[in-house]
Amino acid sequence: MMTNPVSKITQGQFSFLPELTDAEIALQIEYGLSRGYAWSIEYTDDPHPRNTFWEMFGMPMFDLKDAAGVLTEVRNCRKGFPQHYIRLIAFDGTRGVESIAMSFIVNRPASEPGFGLIRQEAAGRTIRYTVHGYATDRPEGERGIETS
Amino acid sequence: MAIATGASNGATAITDAKRRYQAGVLKYGQMGYWEPDYVPKDTDTVCLFRITPQEGVDPVEAAAAVAGESSTATWTVVWTDRLTACDSYRAKAFRLEPVPNGPGQFFAWVAYDIILFEEGSIANMTASLIGNVFSFKPLKAARLEDIRIPAAYVKTFKGPPTGLIVERERLDKFGRPLLGATTKPKLGLSGRNYGRVIYEGLKGGLDFMKDDENINSQPFMHWRDRFLYVMDAVNKASAATGEVKGSYLNVTAATMEDMYERAEFARQLGSVVVMIDLVIGWTAIQSMSNWARRNDMILHMHRAGHGTYTRQKNHGVSFRVIAKWLRLAGVDHLHAGTAVGKLEGDPLTVQGYYNVCRDSYTRRDLPRGIFFDQDWCDIRKVMPVASGGIHAGQMHQLLDLFGDDVVLQFGGGTIGHPAGIQAGAVANRVALEAMVKARNEGHNIRIEGAEILRKAARFCGPLQQALDTWGDITFNYTPTDASDFTPTAAVAR
């Protein structure tokens with residue numbers, strides 16, 4: 001268990017709140033759709049803070065304007081990857097933005113092992129830091145298969 | 001109401017060259033600095049000055065004098081003007097209006113040809129526009145209220161090295177304001193104690209911690225010590241949360257060489273952000289912006305000192321002009337006011353500053369103090385920072401006023417929490433996330449905000465303690481600098 005105040009990885013918009021129910025997730029999806037965003041789903045077993053590119057669960061749903069449809073895809077992703085981190089991402093294609101406008105976690109593994117900090121002492125009291133994710137200690141093919 | 005052309009004596013330019021360049025003293029109007037028929041070119045810079053002429057000074061002549069003294073004029077006629085295409089170099093006052101409800105004050109519009117300013121140099125532009133003219137005796141007071149910078153000149157600047165869109169991508173933080181806190185006390189902490197505050201705040205849920213503007217390298221904490229302890233705290237917090245974290249390392253110093261040395265050390269230690277103070281001056285700001293661009297660094301600007309010339313309405317430079325210049329000069333974060341906190345700021349006027357930082361195209365908006373349309377030509381956007389006397393109990397007001405693209409900095413409102421710094425950070429992060437979630441769900445946070453906070457406090461003890469401690473704290477004083485077009489009161493709770 002992680003030692004931060006919420007005992008879990010705190011990436012995304014809502015990590016300090018109780019986990020969102022599917023009904024609450026649908027409301028956020030609707031908000032994004034009402035602002036013209038395109039939703040996409042990504043998953044990973046390597047939630048390192050600088051692991052930018054999680055796996056895409058299909059293409060961004062540029063033409064899906066129905067919150068229930070997006071939520072169905074979230075459920076499909078959870079079925080396939082129950083022990084992975086899954087996030088919903090809303091993309092805003094407006095000129096001058098062309099980036100992510102919303103991002104929050106909708107699935108977590110039962111146990112979040114967190115990260116260690118590796119310090120390499122260098123010259124002049126300088127330290128070089130590496131944030132090491134315990135989740136990736138095991139080979140890729142053996143991760144995320146244990147049941148909780 | 002416009003002032004009629006030629007209504008005042010001496011307001012008409014002398015067109016006969018022989019008479020115009022006879023040795024002696026002419027009125028500025030006669031010299032050609034008042035041109036009521038002038039239509040500004042797309043490539044002109046247009047300034048709006050608020051002027052208060054001395055008793056007995058004709059306002060048209062005063063406006064012409066402002067144009068003259070901020071461009072080519074001197075107090076007497078010089079024949080050497082005739083060696084130049086002097087019509088181009090003369091700024092032209094072309095419109096004058098009394099200030100609504102401002103007896104003795106006038107708005108004067110002045111146009112400047114693009115040849116007057118060196119490309120990409122705020123120092124050069126400011127030396128003209130806010131140079132001698134502000135000490136000119138025939139004016140009791142003068143204030144540069146707003147400026148329209150032509151697209152052609154905007155494109156000579158590189159602008160923010162990172163910009164708020166790319167900053168979010170680097171930090172992996174979207175769809176909510178960022179959270180920060182300034183380390184307190186401002187002065188006296190050792191590097192080790194200082195790093196403790198950073199660690200607690202970041203692990204508790206803040207995205208950023210911040211050096212204060214006057215933390216440089218004093219006897220109690222030398223800069224290298226601060227940087228080393230701070231970066232240990234930042235990396236530890238990043239590992240504890242799985243988030244990218246940062247702390248604005250203030251590299252403000254006596255010389256450029258010192259600043260470069262400090263910035264380079266921050267880079268070596270892996271910091272994502274460095275900080276400078278406005279008092280280092282335009283040239284140093286643009287140099288540090290170039291450095292930040294070369295080194296993938298977010299550049300945080302603390303507007304230390306601005307209140308000496310932005311706050312009083314009758315004299316100085318409006319902060320909206322400073323914000324425009326800083327966006328061109330190239331900073332990524334800019335302190336732009338809170339409206340609800342302890343420092344000066346009428347809510348609509350402050351929103352005007354935020355818009356200048358974040359718009360792709362700023363529209364004329366008189367209630368927010370914006371007099372001109374401004375095309376930003378795709379130059380990157382500055383992330384405004386709200387800092388100074390704000391707390392979790394104001395979260396709904398802050399989100400309603402400023403939206404998502406802002407850094408909310410709760411210094412005392414984090415570190416002064418009765419259960420400690422981490423608890424203070426948790427309170428702020430929970431309040432923020434609960435408010436964003438509720439807004440997205442369709443709640444009217446302006447009306448339901450206090451209730452949303454109370455509900456969130458039911459599952460978050462630290463938020464309840466924060467509300468109990470600060471829930472009733474407000475700073476309701478009448479702003480000194482509000483729009484002339486809509487009277488506004490300070491935000492009530």
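User: Hi! Which elements do the buried residues of helix 11 of chain B pack against?

Analyst: Hello! In this predicted model, they pack against helix 5 (122-129), helix 10 (256-268), strand 8 (273-277), strand 9 (298-302) and helix 13 (319-329) of chain B.

User: And which residues of helix 11 are buried?

Analyst: In helix 11 of chain B, those are B:Ile285, B:Gln286, B:Met288, B:Ser289, B:Trp291 and B:Ala292.

User: How many residues does helix 11 have, and what is its reach?

Analyst: Helix 11 of chain B covers residues 282-294, so to speak 13 residues, and spans 19 Å from first C-alpha to last, close to the expected 18 Å. Just after the helix, B:Asp296 has a positive phi of about 50°.

User: Switching topic: how many residues of chain A are in contact with chain B?

Analyst: There are 34 on chain A, in contact with 37 residues of chain B. Strand 4 of chain A gives the largest share of chain A's side, 5 residues.

User: What's that side of chain A made of?

Analyst: It divides into 20 nonpolar, 12 polar and 2 charged residues.

User: What are the confidence scores like for the complex?

Analyst: The predictor gives the complex an ipTM of 0.96 and a pTM of 0.95. Chain B averages a pLDDT of 93, and 95% of its residues score at least 70.

User: Where in chain B does pLDDT stay under 50?

Analyst: One such stretch is residues 4-8 of chain B. Over residues 488-493 of chain B, pLDDT is also below 50. Where pLDDT is low, predicted coordinates should not be read in detail.

How values were computed:
Residues are numbered from 1 along each chain as its sequence is written. Chains are lettered from A and ligands numbered from 1 in the order in which they are written. This is a predicted model: local features need pLDDT of at least 70, side-chain atom pairs count only at pLDDT 80 or more; totals for chains, interfaces and linings use all residues. pLDDT is the predictor's confidence in each residue, from 0 to 100. Two residues are in contact if their C-beta atoms, placed from the backbone, lie within 7 Å. Helices (H or I, at least four residues) and strands (E, at least two) are DSSP runs, numbered from the N terminus. Ala, Val, Leu, Ile, Met, Phe, Trp, Tyr, Cys and Pro count as nonpolar, Asp, Glu, Lys and Arg as charged, and the others, Gly among them, as polar. The expected span of a helix is 1.5 Å times one less than its number of residues. A residue is buried if 20 or more other C-beta atoms lie within 10 Å of its own, exposed if 12 or fewer, and partly exposed in between; C-beta atoms are placed from the backbone.
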